[in-house]
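Biologist: Before I use the labels in this model, I would like to hear what stands behind each of them.

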Amino acid sequence: MDHDKAIRKEVIELLSHYFGDRIRTAFSDGYREETLPIYVHTAYLLLNEQIGTAKSHKELDHILQKHSMTSLDYE
Amino acid sequence: MNNQRLTIGVCAGLFIVSLGLYWLFPQNEMIELLRYASILSSLLLAFSGGLYSIDKYGFNSTKSLTLILLTIGIGCFLIGETLWTYYEYLMNTDPFPSLADVFYLAAYPLFFWALFREINLTKVSWHTLSRSLKFLLITISALFMVVVCYFGVYLAYSPYETVLTNMIAISYGMGDVALIVATIALLVLAWEFRGGALARIWMMFFFSFMLNLLADVLFAIFTDAYNAQGTFQRNLIDTVWILSYVLFAHAMFSFGLSIEAAQQQLLKLKGKPHKSRKK
């Protein structure tokens, strides 16, 4: 669990590094970090899909569900 | 040396070599040929940057169409410049108006489409911009449009030229006017992604397009001096265009490099080797 939490934190930092304050706002708006279903595979795909369009946690959730990514590991 | 530093090195190196060719060496046949080569090289580098980033993003990504439009746009500039060189240097004829203008002008709607598509996709929060900032953006846009309209449209018209020549000449000015709006909007795009790598890339595009506009305005003002060759005005205008293209190249490469770097870091998090770039 701690390992997953650390990975989630790093993934959010990476996405924030790319998309800046925009994604930080989306992540911080209503999300608690431990419930955020971001995993490596998700983030990998989402970087390609310009997750920067998400402006709120609802939109972020919609994008995540669109990719059916919850706890999927990368292959 | 990582790829980002290599890109910066190549772009900076090309610009420095160009500076030397234009400002340190007197005009002769070899230097003239190398000057043409430096403009074409900077455009080729920008085009290569576009192809590189399209490869990294793939064709199914949200951003792909934007990258494709920008790449085709700079590709049109490359073809136009190649034709211009062919007419002026090899054939020793006046390259205006010619087939080169078709390609130069074709780039404008592509750039416009790409930038406005990106602004639309990002869903910019216009309502969160302060009134003073909106006023400043509108004022700056209006000022640039007045300058470009005067030098690029009004002065471009000549009663001694044919209708076709006047239409082509005025089209450049109108294209620049339209591009001003898109370029200023890039500032808002960069603001939306502030603190991130994307913001820096959009700012590079902003400066690239602004420099291109500046060179276009200077060309409209000093057309005769430019066509005379070897003049201070020609050297200055070509230098500004080259800087614009080199910045464009760096921005295009940065799209692909930054997403590749982020993806590789994500893969490292899981401790797996990098097998494929995209799904």
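Modeller: In the largest nonpolar core, which has 86 residues, B:Phe111, B:Trp202, B:Phe205, B:Phe209, B:Phe248 and B:Phe255 touch the most other members. Helix 9 (residues 232-270) of chain B gives the largest share, 17 residues. The model is predicted: local features need pLDDT of at least 70 and side-chain atom pairs pLDDT 80 or more, while totals for chains, interfaces and linings use all residues. Residues are numbered from 1 along each chain, chains are lettered from A, and side-chain values use heavy atoms, without hydrogens and water.

Biologist: Why is this called a nonpolar core?

Modeller: Because the term stands for buried Ala, Val, Leu, Ile, Met, Phe, Trp, Tyr and Cys residues joined through side-chain atoms within 4.5 Å. Buried means under 20% relative accessible area with a 1.4 Å probe, protein chains only.

Biologist: Which residues does B:Phe248 touch?

Modeller: Leaving out residues up to four places away in sequence, B:Phe248 touches B:Ala46, B:Leu70, B:Ile74, B:Phe111, B:Phe205, B:Ser208 and B:Phe209. Contact means heavy atoms within 4.5 Å.

Biologist: What makes the crossing of helix 5 and helix 7 of chain B left-handed?

Modeller: The crossing is left-handed because the near helix is turned anticlockwise from the far one by less than a right angle. The axes of helix 5 (residues 131-154) and helix 7 (residues 197-221) of chain B come within 9 Å and cross at roughly 35 degrees; axes are lines fitted to C-alpha atoms over the stretch in contact, with angles from 0 to 180 degrees between N-to-C directions.

Biologist: How many helices and strands has chain A?

Modeller: Four helices and zero strands, where helices are DSSP runs (H or I) of at least four residues and strands (E) of at least two. Buried residues make up 53% of the 75 in chain A.

Key. Buried < 20%, exposed > 50% of the residue type's maximum accessible area, 1.4 Å probe, protein only.
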